[in-house]
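Let me put the model up and walk you through a few bits of it.

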Amino acid sequence: MTISYRNFLKLFMMVAALGILSPGTSRAELKIDITRGVVESVPLAVTDFFGEGKGEQDFGEKIAGVIAADLERSGLFAPIDKKAFIQSGKSLNILPRFGDWRLIKAQALVQGHVEMTVDGRLKVEFRLWDVYAEQQMVGLAYFSVPSNWRRVSHIIADAIYERITGEKGYFDTRIVYIAETGPKTRRVKRLAIMDQDGENHRFLTDGTILVLTPRFSPTLQEITYLSYFNDIPRVYIFNIDSGRQERLGDFPNMTFAPRFSPDGKGVIMSMSKDGNSDIYKMDLATRKLTQLTTHSSIDTAPSYSPDGDSIAFESDRSGTQQIYTTSSNGGKATRISFGPKRARYATPVWSPRGDWIAFTRIYGGNTAIGVMRTDGSGERILAQSTTRGDWVEGPTWAPNGRVLMYFRQEKANKQGLGGKTRLFTIDITGHNEREVVSPVDASDPAWSPLNP
Amino acid sequence: MRFKILSVIAVAGLVAACAAPGGGAGGAGGSYAPGSQEDLAVNVGDRVLFDFDKYELKQESRYTLQQQAAWLAANEGVNITIEGHADERGTREYNLALGERRAQAAADYLMVLGVSKGRISTVSYGKERPEDPASNETAWAKNRRAVSVVK
């Protein structure tokens, strides 16, 4: 089925708060502090949402499955095997028997109800219960077209995540990335997009033209990326709704490494002139170009701070790639990366919360994904190349600033075979590294903001 | 398709590079059409190689580019694109910039040697189009290159 994303968004209709059922005695509330290092996963029971008819039951089962999988992948929750459940079915919808859930060590319980309305919409209600306090923590109802059930599930998982951690969730998001096929010497690269859990995958370009480094707009259904249309590498914008591709400006020289400004009204990128790369910003309304760095070194991979006041970028002006920050109007640049001798720092990406800058580090033949404070302090390595000599690169932030995604490329053998390239996520605590399964090899991931 | 053809030429170029510095139509290298990519690759040498993370031209690269300049002088109608490449041990954006530097370094030297600016364009492929797909020193050395391609 092909529906455009614009329509898809319109189909999503309504949300309503559910009344509190039977307030129990007041106890210390269930809460996960995700700012601490190692967090023990909270045992949680996600029951199949109840439905009267067969179709409704099917939806109820699938919705519970997506919610449980989202929460499990976060590493913060440990969904309990359904086979252990004592209470099930319709009785749950009246009131949970908390003793039954305590018996199987569930600290949180998710139950819900699915109903097809007479006008053909899907009505999904859910409640999150604190089993020990015997309290409803949140209860909401959603109305949507049935085909939208996955999105409803992700939104419910976000509501649960937010209620228990106090942080915004990131499950109702998508990933744009470069899908890779074919031999390394003539690799076919396509723009592709999928939900953060790998579902609803589709290719956006057909692979006839080399494309690289896609980045999401913070405000529109648009992607900025590098395209080799007519073998001329330039920055483009791709509209996800219409499929329209537009070159940004008409420059005689290569433009590359684009990213949107936080308000979505501008793009920051590198442009090379006579072989030298500097950083420029373009106002998308006026197409006016402003040069921000003027140095004989390579200045590239710029990324805005979320307030739009600063940019981080990489430069080899000291002799090797290092990370610098400067005002988003240009001016003096300050080096912030000071790692081990001969370590190179690249691809800085400012966290959406403003607190960290993620980077790729190349050091002693190994690569790593890490974070540092915006003044360069507090550097921590989160994910590294393995002893097999693989390569990690290109971090991108989940919109809540708690999880990073990046790609990992295996070494090719003497014949040039192998070299498998895949996406992974990791917490900024350095725990819970997970593969994001894609249908073909994948690189250059970019995480979307929460879906509108 | 173009890349497939190029890799075949590359092998030929490496074999013949030292054999036929004279260049030009009907040279020692044989029967390639004057001014063609094959003529350039086999009879002159169509590429120069670089050290890791460097874009300075080596002595042998200068020699190759001198031969290219002479060949371009002999083939007045021919324009070239210099394609700059990096090995895979660098981040994507940086390698695009590095490939551009390498292509420009070769282009600048050709212009110093009297080739007019209008006959040369440059493009960088960063680490996207390795000549040798292996992940070892031998492959990386071949992949850090600037290749002159007849337009």
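Let's start in chain B, where four strands make an open, mixed sheet in the order S1-S4-S2-S3. Pairing here means that DSSP finds at least two bridges between two strands, and the elements are DSSP runs numbered from the N terminus, helices being H or I with at least four residues and strands E with at least two. At the edges sit S1 (47–49) and S3 (120–126) of chain B, each pairing on one side only. On average, neighbouring strands in this sheet are turned by 20 degrees against each other, direction ignored; axes are lines fitted to C-alpha atoms, for helices over the stretch in contact, and angles run from 0 to 180 degrees between N-to-C directions.

Before I go on, the housekeeping. This is a predicted model: local features need pLDDT of at least 70 and side-chain atom pairs count only at pLDDT 80 or more, while totals for chains, interfaces and linings use all residues. Residues are numbered from 1 along each chain as its sequence is written, chains are lettered from A and ligands numbered from 1 in the order in which they are written, and side-chain values use heavy atoms, with hydrogens and water left out.

Back to that sheet. S1(B) runs antiparallel to S4 (residues 145–150) of chain B, with three bridges joining them; Arg47(B), for instance, has Val147(B) in S4(B) as its bridge partner. Packed on the sheet is helix H4 (residues 92–112) of chain B, which touches S2 (80–85), S3 and S4 of chain B, and its direction makes about 155 degrees with that of S3(B). Contact, by the way, is heavy atoms within 4.5 Å.

Now the interface. How many residues does the contact take from each chain? It's 45 from chain A and 29 from chain B. Together the two chains bury about 3100 Å², 56% of it on carbon and sulfur atoms; that's the accessible area (1.4 Å probe) that two parts lose on being put together, summed over both. On the chain A side, Lys184(A), Thr185(A) and Ile298(A) lose the most, together 18% of what that side buries.

Seven salt bridges cross between chain A and chain B, a salt bridge being a side-chain nitrogen of Lys or Arg within 4 Å of a carboxyl oxygen of Asp or Glu. Lys184(A) turns up again here, in a salt bridge with Glu88(B) at 3.0 Å, N to O.

Over in chain A, there's an open antiparallel sheet of four strands, S18-S19-S20-S21. S18 and S21 (334–335) of chain A are at the edges with a single partner strand each, so one side of each has no neighbour in the sheet. S20 (residues 322–327) of chain A pairs with S21(A) over two bridges, and Tyr324(A) has Arg335(A) as its bridge partner.

Last one: Glu72(A) and Arg434(A) form a salt bridge, closest N and O atoms 3.0 Å apart. That links helix H2 (residues 54–73) to strand S29 (residues 434–436) of chain A, with the two residues 362 apart.
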